[in-house]
Amino acid sequence: MALCCRQLAAHGLIAGRDGNLSVRLGADRVLVTPSGFIKSLVTAADMVEVDLAGKPRRKSARKPTSELDLHLRILRHRPDVQAVVHAHPPAATGFAVAGQEIPGNLLPELIFVVGPVPLVPFGMPGTPELGDRVVPYLVGKHHRALLLANHGAVTMGKTLDEAWIRMESLEHSARIITAARAVGEPKPLTAQAVERLQWERDG
Ligand SMILES: [Zn+2]
């Protein structure tokens, strides 16, 4: 988790104290990043263990991330998810600030690694409003990533690596699509190619 924080910062996917992670350790045990830390300086010992209701499970001098509610809502509604990464990747968040979804028919990597990425309406960061906005995108759905309007992105995975790779892939795709638009008009993949990639991803 500490390595992931440092990498997210080194790759410019977060700035300063931005971003937070959670990893499910057991049925009612979750490890989360601490609140208020500069993420490139955070260490393994700084992580905070809570239960799925957000109660601390171990005595710690650290407070859990200010986005604890967001993480716990995802982990409670999606038993298949073991890890959640929240970051502010600049190109992907650019789409979220412009009120646009990232087109899902342009890049094989985006379809295969991440899948569809809905744009969740704005909810105030660090408050239950954000979780309220996100829940409709969790119930009965299997999204691996969400864009948060005027805020950032969330990725999910069966492991922290999977969630982390999805965040990198989401940002990389957003950068490529933005570059393509600067050059000309992006040419979509054929419907057959999109279907085949979806089939390979889900099959
Ligand atoms: Zn945020």
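**Glu 171.** I began with Glu 171 and found it in helix α6, where helices are DSSP runs of H or I with at least four residues, strands are runs of E with at least two, and both are numbered from the N terminus. The model is a predicted one, in which local features need pLDDT of at least 70 and side-chain atom pairs count only at pLDDT 80 or more, while totals for chains, interfaces and linings use all residues. Residues are numbered from 1 along each chain as its sequence is written, and side-chain values use heavy atoms, with hydrogens and water left out.

I looked up the accessibility of Glu 171 next: at 2% relative accessibility it counts as buried (buried is under 20% relative accessible area, exposed over 50%, partly exposed in between, with a 1.4 Å probe and protein chains only). Leaving aside residues up to four places away in sequence, Glu 171 touches Leu 13, Pro 89, Pro 90, Ala 91 and Ala 92, contact meaning heavy atoms within 4.5 Å.

**α3 against α6.** I then checked how helix α3 (residues 90–97) meets helix α6 (residues 160–183), and noted that their axes come within 7 Å and cross at roughly 70°. The axes are lines fitted to C-alpha atoms, for helices over the stretch in contact, and angles run from 0 to 180 degrees between N-to-C directions. I listed Pro 90, Ala 91, Ala 92 and Phe 95 on the α3 side, and on the α6 side Leu 170, Glu 171, Ala 174, Arg 175, Ile 177, Thr 178 and Arg 181.

**α1 against α6.** For helix α1 (residues 2–10) and α6, I noted axes that come within 11 Å and cross at roughly 5°, which makes α1 roughly parallel to α6. Here Leu 3, Cys 4, Gln 7 and Leu 8 of α1 make the contact with Leu 160, Trp 164 and Met 167 of α6.

**Zinc site.** Which residues coordinate the zinc ion? I found His 86, His 88 and His 151, each through NE2, at 2.1 Å (donors are N, O and S atoms within 2.8 Å of the metal, or 3.2 Å for Na, K and Ca; water is not among the atoms, so sites may look incomplete). His 88 lies in the loop between β4 (83–87) and α3, and His 151 in the loop between β6 (145–148) and β7 (152–157), so this pair ties together parts that are 63 residues apart in sequence. I recorded His 88 as partly exposed at 23% relative accessibility, whereas His 151 is buried, with a relative accessible area of 9%.

How values were computed. Angles under 35 degrees count as roughly parallel, over 145 as roughly antiparallel, 65 to 115 as roughly perpendicular and the rest as oblique.
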